[in-house]
Amino acid sequence: MDVERETADCFLPHAQRGWAGNLLSRSRSPRRSYGAEFLKTGLSDYWDDPNETHAKVLLGWLLTIEGTKWHYLHGVRDPSRISPDNWVIDQAYQDRPGNKDIQLVILYKAKGNLAAYTDWQQYFRKYQPPTLVT
């Protein structure tokens, strides 16, 4: 992967239109991004072998209302401050016809992000573009 070229190709059009920098939200290290508990939901197994059995594990929890709610509440100090509207609305989108298959593809392709983190980190260290991390 030529991360410098790909990153330049991605950012150059924005720079030409007055782009001022990056805005990153909840940035974490690669493995922490997914978290050990999240990987235990069956995602690691699905990454290793995306077969029907492993897909069923994800479909039976991760892509259900319980899994969606977990994403919003896991690690939150005061869950009462998080509106249930968040996971209810997200789940309504998750439950659209054909969407579960799309989500399985997205989840599988997320594995490739892990390999790219080192390249992205090197790019940001080398070029140090203006960045606001929130």
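User: Before that, what kind of model is it, and what are the ground rules?

Analyst: This is a predicted model, where local features need pLDDT of at least 70, side-chain atom pairs count only at pLDDT 80 or more, and totals for chains, interfaces and linings use all residues. Residues are numbered from 1 along each chain as its sequence is written, and side-chain values use heavy atoms, with hydrogens and water left out.

User: OK, α4 and α7. At what angle do they pack?

Analyst: About 110°, with the axes of α4 (residues 52–62) and α7 (residues 99–109) 11 Å apart. That makes α4 roughly perpendicular to α7, a label for angles of 65 to 115 degrees, while under 35 counts as roughly parallel, over 145 as roughly antiparallel and the rest as oblique. Axes are lines fitted to C-alpha atoms, for helices over the stretch in contact, and angles run from 0 to 180 degrees between N-to-C directions. Helices are DSSP runs (H or I, at least four residues), strands are too (E, at least two), and both are numbered from the N terminus.

User: Which residues meet there?

Analyst: From α4 you have A55, L58, L59 and L62, and they meet K100, L104 and L107 in α7. By class, that contact has six nonpolar residues, no polar and one charged. Contact means heavy atoms within 4.5 Å. For the classes, Ala, Val, Leu, Ile, Met, Phe, Trp, Tyr, Cys and Pro are nonpolar, Asp, Glu, Lys and Arg are charged, and the others, Gly among them, are polar.

User: And which residues of α4 are buried?

Analyst: H54, A55, L58 and L62. Down the axis of α4 these buried residues fall within an arc of 105°, so they line one face of the helix; the arc is that of the directions from the helix axis to the C-beta atoms. Buried is under 20% relative accessible area, exposed over 50% and partly exposed in between (1.4 Å probe, protein chains only).

User: What's exposed on the face turned away from that?

Analyst: E52, T53, K56 and G60.

User: Switching to α5: what do its buried residues pack against?

Analyst: They pack against α4 and α6 (85–94). The buried ones in α5 (residues 65–73) are G67, T68 and L73. Just after α5, G75 takes a positive phi of about 85°.

User: What does L73 touch?

Analyst: P79, I82 and W87, leaving out residues up to four places away in sequence. The C-alpha atoms of L73 and S83 are separated by 10.0 Å, and the two are ten residues apart along the chain.

User: Last one: where is Q128?

Analyst: Q128 is in the loop between α8 and β2 (131–133). Its phi is near 45°, a positive value in a residue other than glycine. Q128 counts as exposed because its relative accessibility is 62%.
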